[in-house]
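Please look through the sequence and the model shown below before reading the report.

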Amino acid sequence: TAPKKNAQESKPQTLLAQSTVESNRLSLQLKNCRRTSNAVACTVLATNISNSRRNFYFNIAGSRVTDFSGNIYELSKITFNKYVAKKERHSEMRVSLSPKIPTKLNFYFPIPQNVNQLVAVEFSTDYNGQIVFRNVNIRR
């Protein structure tokens, strides 16, 4: 019999991803996860859905992705506008959001080139706990 192909090496299947999650007056919309030269960048629109400016904290520790083989890749950095929080120097990124204005954040994960689908993308926050998106394709 022919050897079975690794799920990561086979042709990607179409997966339905949950694109927006709301928690404690924060709305996160996962726009995409795309491959860069040495990582995968997941772009998120964060919206403060309260009626006043609020600070939200995204934790580097605890934010991670899981592939379909069960491998976990931890977040290496977050970018917000001109600000960068890297795992080596920071524990979190504070984002001050005006009400009802979507703001772009990028989360970078060191993921091998052969991985093209994720079971889960998890963002750890101080006040909102773990925010999880499931069944996410990685774009090239």
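Predicted model: local features only at pLDDT ≥ 70, side-chain atom pairs only at ≥ 80, totals over all residues.

## Nonpolar core

The largest nonpolar core has 33 residues, and those with the most contacts inside it are L28, F58, F107, I111, V121 and F133. Among the elements that give two or more residues to this core are β2 (26–35), β4 (54–67), β9 (103–109), β10 (117–125) and β11 (129–139).

## Aromatic rings

A search of the whole structure finds 4 aromatic pairs. In one of them the rings of F107 and F123 have their centres 4.3 Å apart and their planes at 50 degrees, so the pair is tilted. Because F107 lies in strand β9 and F123 in strand β10, this pair ties together parts that are 16 residues apart in sequence, and both residues are buried.

The rings of F123 and F133, with centres 6.1 Å apart and planes at 70 degrees, form an edge-to-face pair, which links F123 in strand β10 to F133 in strand β11, 10 residues apart. F133 counts as buried at 0% relative accessibility. Together, F58, F107, F123 and F133 form one aromatic cluster. Elsewhere, K77 lies over the face of Y108, at 4.8 Å from the ring centre.

## Disulfide

The structure holds 1 disulfide, which joins C33 to C42 with an S to S distance of 2.1 Å. The torsion about the S-S bond of C33 and C42 is about 110 degrees, so the disulfide is right-handed; C33 and C42 are both buried.

## A buried asparagine

N59, in strand β4, has a relative accessible area of 12% and is therefore buried, the cut-off being under 20%. Leaving aside residues up to four places away in sequence, N59 touches L75, S91, E92, S124, T125 and D126.

How values were computed:
Residues numbered from 1 in each chain as written. Heavy atoms only, no water. Core = buried A, V, L, I, M, F, W, Y, C linked by side-chain atoms within 4.5 Å. Buried < 20%, exposed > 50% of the residue type's maximum accessible area, 1.4 Å probe, protein only. Helix = DSSP H or I, 4+ residues; strand = E, 2+ residues; numbered from the N terminus. Disulfide = S-S within 2.5 Å. Contact = heavy atoms within 4.5 Å. Phe/Tyr/Trp six-rings, centres within 6.5 Å; stacked < 30°, edge-to-face > 60°. Lys NZ or Arg CZ within 6 Å of the ring centre and 35° of its normal.
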